[in-house]
Amino acid sequence: MLEKVRYTKTGKKFNIFEFEGRLHERIILTKEQYLEHITRKHPEISIEIIEEVLVTPDIVTKKSKSKKEKFPKEIYYDK
């Protein structure tokens, strides 16, 4: 996990956490989202737990590019 600072085109500054996941290469969580949602509604969840789950997930849902499938694919991982 890396803590970074990003800027929008208008120059607004965002503090972010950048994770590497098992399926997705780069996952971004803003510090504002973490403080406003996760710490308030899920106080037992820490950044370390989030990072651990992203690296070793039980189930990952990935959107299918096929229009025939109504539901996303689920990929299961053995622990």
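Two strands are said to pair if DSSP finds at least two bridges between them. Helices (H or I, at least four residues) and strands (E, at least two) are themselves DSSP runs, numbered from the N terminus. The structure described here is a predicted model, in which local features need pLDDT of at least 70 and side-chain atom pairs count only at pLDDT 80 or more, while totals for chains, interfaces and linings use all residues. Residues are numbered from 1 along each chain as its sequence is written, and side-chain values use heavy atoms, with hydrogens and water left out.

The protein chain contains five strands and two helices, arranged along the sequence as β-β-β-α-α-β-β. Of its 79 residues, 18% are buried, where buried means under 20% relative accessible area, exposed over 50%, and partly exposed in between (1.4 Å probe, protein chains only). The chain exposes about 7000 Å², and carbon and sulfur atoms supply 52% of that area; accessible areas come from the Shrake-Rupley method with a 1.4 Å probe, and for residues only the protein chains shown count as cover.

Next comes the sheet. Three strands form an open sheet in the order β1-β2-β3, with antiparallel pairing. Its edge strands, each pairing on one side only, are β1 (2–7) and β3 (27–30). From one strand to the next, the twist averages 40 degrees. Strands β1 and β2 are antiparallel and joined by six bridges; within this pairing, K4 has I16 in β2 as its bridge partner. The two strands make a hairpin with five residues between them, and G11 in the turn has a positive phi of about 95 degrees. The loop between β1 and β2 also holds T8, whose side chain makes a polar contact of 3.0 Å with the side chain of T10. Such a contact is a pair of N or O atoms within 3.5 Å; within protein, one must be able to donate a hydrogen and the other to accept it, and residues adjacent in sequence count only if both atoms are side-chain atoms.

The structure holds three salt bridges, each a side-chain nitrogen of Lys or Arg within 4 Å of a carboxyl oxygen of Asp or Glu. One of them joins K31 and E3 (3.4 Å, N to O). Because K31 lies in helix α1 and E3 in strand β1, this pair ties together parts that are 28 residues apart in sequence. K31 is partly exposed at 29% relative accessible area, whereas E3 is exposed at 55%.

E18, in strand β2, is buried at 13% relative accessible area. Its side chain meets that of K4 in a salt bridge (3.4 Å, N to O), and R26 forms a salt bridge with E18 as well, the closest N and O atoms being 3.7 Å apart. Together, K4, E18 and R26 are linked in a network of salt bridges.

Notes. Axes are lines fitted to C-alpha atoms, for helices over the stretch in contact, and angles run from 0 to 180 degrees between N-to-C directions.
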